[in-house]
Amino acid sequence: MIIPYEQLSSDTLQGLIEEFITRDGTDYGVEEVSLATKVEQVKKLLKRREVVVVFDFSTESASLLTRHDAELIAQNNTAD
């Protein structure tokens, strides 16, 4: 289930963004970019709806996913 990021508290959203940024394998840049800069980049992606907040009922947890990945998961769940 996709949750509008605007419904989250600023602390919760900050935590989700930082977890998204620091996941293994998500930093492919040649140049080192500060965490604050990356957070702002992800906030822009959220505003453009390229990244979404997803709540997983089976694990009762929320995370950020690209819209593409969220749509693939939704398709797989409806196919079951």
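This is a predicted model: local features need pLDDT of at least 70, side-chain atom pairs count only at pLDDT 80 or more; totals for chains, interfaces and linings use all residues.
Residues are numbered from 1 along each chain as its sequence is written, and side-chain values use heavy atoms, with hydrogens and water left out.

**Helix H1**

- Helices (H or I, at least four residues) and strands (E, at least two) are DSSP runs numbered from the N terminus.
- The buried residues of H1 are Leu13, Leu16, Ile17, Phe20 and Ile21.
- Seen down the axis of H1, these buried residues fall within an arc of 135°, so they line one face of the helix; the arc is that of the directions from the helix axis to the C-beta atoms.
- Asp11 and Thr22, which are exposed (over 50%), sit on the face of H1 turned away from its buried side.

**Largest pocket**

- The largest pocket holds about 250 Å³ of space, where a pocket is an open set of points on a 1 Å grid where a 1.4 Å probe fits, with protein on both sides within 12 Å along at least five of seven lines.
- Its lining (residues with an atom within 4 Å of a point) has 15 residues, of which Met1, Val54, Phe55, Ile73 and Asn77 lie nearest the centre of the pocket.
- Helix H3 (67-79), like S2 and S3, supplies at least two residues of this lining, and H3 gives the most, with 5 residues.

Key: Buried means under 20% relative accessible area, exposed over 50%, partly exposed in between (1.4 Å probe, protein chains only). Grid points are joined across faces, edges and corners, and a volume is the space filled by probe spheres set on the points.
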